[in-house]
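Please open the model in your viewer and keep the selection tool at hand. The stops below proceed from a strand pair to its charged side chains.

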Amino acid sequence: MGIREVREIGDEILTKQCKDVPKMTLRTKILIGDMLDTMYEKNGVGLAAPQVGVLKKIVVIDVGEGPIVLINPEIVETFGEQTGEEGCLSVPGKWGIVTRPEKVKVRAFNQDMEPFEMEGEGLLARAFCHEIDHLRGELYVDKAEDGLHDVSEQYEDEDDTEETEE
């Protein structure tokens, strides 16, 4: 398997609609393996095919519970609401506050092209929504409620210690 180049904001491919995957091929299996390798190499939680330059409806996710592969995914139900920080491998060094559903049910195909449904809460629900947005040519930056922030700003408050003169 291999590490692929991650396309960054401004690349036209990130704004395009993806096409369904009609059947599993060797090329698609290799793509999925490369996507997983790339996601892990870049310390990401998820990666969608357009982020590596391929306009196919394929998403890989790992929120710490092992890899999830979604082919032709669709969100079928959402519940509740959560607001939190979100970043993206295609928008390096930035983050923003985004509101997403707290719980999400997706329907997709696995690597054997067998249909399945899966529910996710919290970070997994956020990852489902974020990555499936990529398949529609949408980036989280358009949903960021207070604009984009530099990653370095994320930790500034933690380093603020009060200095006193004696």
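Which residue in β7 does K103 stand opposite? K103 stands opposite E121. Before going further, note that this is a predicted model, in which local features need pLDDT of at least 70, side-chain atom pairs count only at pLDDT 80 or more, and totals for chains, interfaces and linings use all residues. Residues are numbered from 1 along each chain as its sequence is written, and side-chain values use heavy atoms, with hydrogens and water left out.

Select residues 103-109 and 115-121. These are strands β6 and β7, which run antiparallel and are joined by seven bridges. Strands here are DSSP runs (E, at least two residues) numbered from the N terminus, and two of them pair if DSSP finds at least two bridges between them. Five residues lie between the strands of this hairpin, and M113 takes a positive phi near 60 degrees.

Next, display the side chains of K103 and E119. They form a salt bridge at 3.4 Å, N to O; the term denotes a side-chain nitrogen of Lys or Arg within 4 Å of a carboxyl oxygen of Asp or Glu. This pair connects strands β6 and β7 across 16 residues.

Move to K105 and E77, whose closest N and O atoms are 3.2 Å apart in a salt bridge. K105 lies in β6 and E77 in β3 (residues 68-79), 28 residues apart. K105 is buried at 17% relative accessibility, whereas E77 is partly exposed at 32% (buried is under 20% relative accessible area, exposed over 50%, partly exposed in between; 1.4 Å probe, protein chains only).

Finally, select R136 and D133, a salt bridge with its closest N and O atoms 2.5 Å apart. Salt bridges that share partners join E86, R100, R126, D133, R136, E138 and K143 into one network.

Methods: Helices (H or I, at least four residues) and strands (E, at least two) are DSSP runs, numbered from the N terminus.
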